[in-house]
Amino acid sequence: MLLDKVAGETSFKALFPLKRVFCTKRVGHAGTLDLRASGLIIAAMGRATRLLPYVEAKDKCYTFRLHLGYETDTLEWDGDVLEQDSRAVDAAPVLNIDRAALESVLPQFIGDIDQVPPKYCAVKIDGHRASDWVERGKQIELKPRRIHIASLKIVGEGGVTEGSSGKSFATFDLECECSKGTYIRALGRDLAYALGTFGCVSMIRRHRIGPVNLDRAVRGSDLTREHMVPVNEVLDYPVVRLNDDQMGAIRNGNWIPWRTPVEGLRAESDGEKLLFAADSNGIVLSFCKYEPGRIWPKVFLADDD
């Protein structure tokens, strides 16, 4: 299920309409969005929830607004101000921090980079989220994590976001294509540091996860059963058709011999090659692993008879 989360609701709350429409509690989602962020959430029900880690591992695309001139505790535009650039307060001429200056530092953030997550985040420290420790007043130190940014570009400038808790001297709208584990709030902070100032972000919106775009998503208030999306449209793995005997073996957890070439196979980071198995009618019923000469079942997706 493809949901368009609105800003101001939690990712968990965004699943409520799904539970109501399909009368189930076994619901999950891939890739939590911050409370104030909006955009695409991919949700699943039943056995399909076991595929969510594969969805979450896909690359993503975001847009966001960068505010230059101040930094907050949450790295969002309305948090408690920690640092304020005096140039924004005094309205003095700001030298060398314009669109050209921002474009000049963007290449530093392309490719594999190390990023320190925001202190308000879900990273676990001693069994608790970092944000929980911060709210309890404990000083924490988060280690850098390796992420990958495929693309980062300016798509607008000069926009105003209501409710800013600090004063900014410039704002820019950016688009970022990145790997799992990238924090857009931390990216805004680091872009500002590269420019010799402070920064925070607003209007984070997720537009894509893997091959799935936001324009296919639906608001929770408009959700119906007709909005269900086949798993093979969310995860872009090849699909092979099996006859009844082959599908019966897969259903029972057994591997089947397979000599027919499978187009589109690719190795995951752990070396596995994955595919979907469909019945003779083309309905995907199982998520499988391919090995030369055989197909192994990983997750049988259909309900038991």
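**Close-up views of a predicted model**

Tyr54, Tyr237, Phe276 and Phe287 form one aromatic cluster. This is a predicted model, in which local features need pLDDT of at least 70, side-chain atom pairs count only at pLDDT 80 or more, and totals for chains, interfaces and linings use all residues. Residues are numbered from 1 along each chain as its sequence is written, and side-chain values use heavy atoms, with hydrogens and water left out.

**View A. The Phe276 and Phe287 pair.** The structure holds six aromatic pairs (rings of Phe, Tyr and Trp, the last by its six-membered ring, with centres within 6.5 Å; planes under 30 degrees apart are stacked, over 60 edge-to-face, the rest tilted). Ring centres of Phe276 and Phe287 lie 5.2 Å apart with planes at 45°, so this pair is tilted. Phe276 belongs to strand S16 (residues 273-278) and Phe287 to strand S17 (residues 284-291), so the pair ties together parts eleven residues apart in sequence. Strands (E, at least two residues) and helices (H or I, at least four) are DSSP runs, numbered from the N terminus. Both Phe276 and Phe287 are buried (under 20% relative accessible area; exposed is over 50%, partly exposed in between; 1.4 Å probe, protein chains only).

**View B. Arg294 over Trp255.** The charged end of Arg294 sits over the Trp255 ring, 4.1 Å from its centre. The criterion is NZ of Lys or CZ of Arg within 6 Å of the ring centre and within 35 degrees of the ring normal.

**View C. Pro144 in its loop.** The loop runs between helix H5 (130-135) and strand S10 (145-157). Pro144 counts as exposed because its relative accessibility is 51%. Leaving aside neighbours within four places in sequence, Pro144 contacts Asp114, Gln115 and Val116 (heavy atoms within 4.5 Å).
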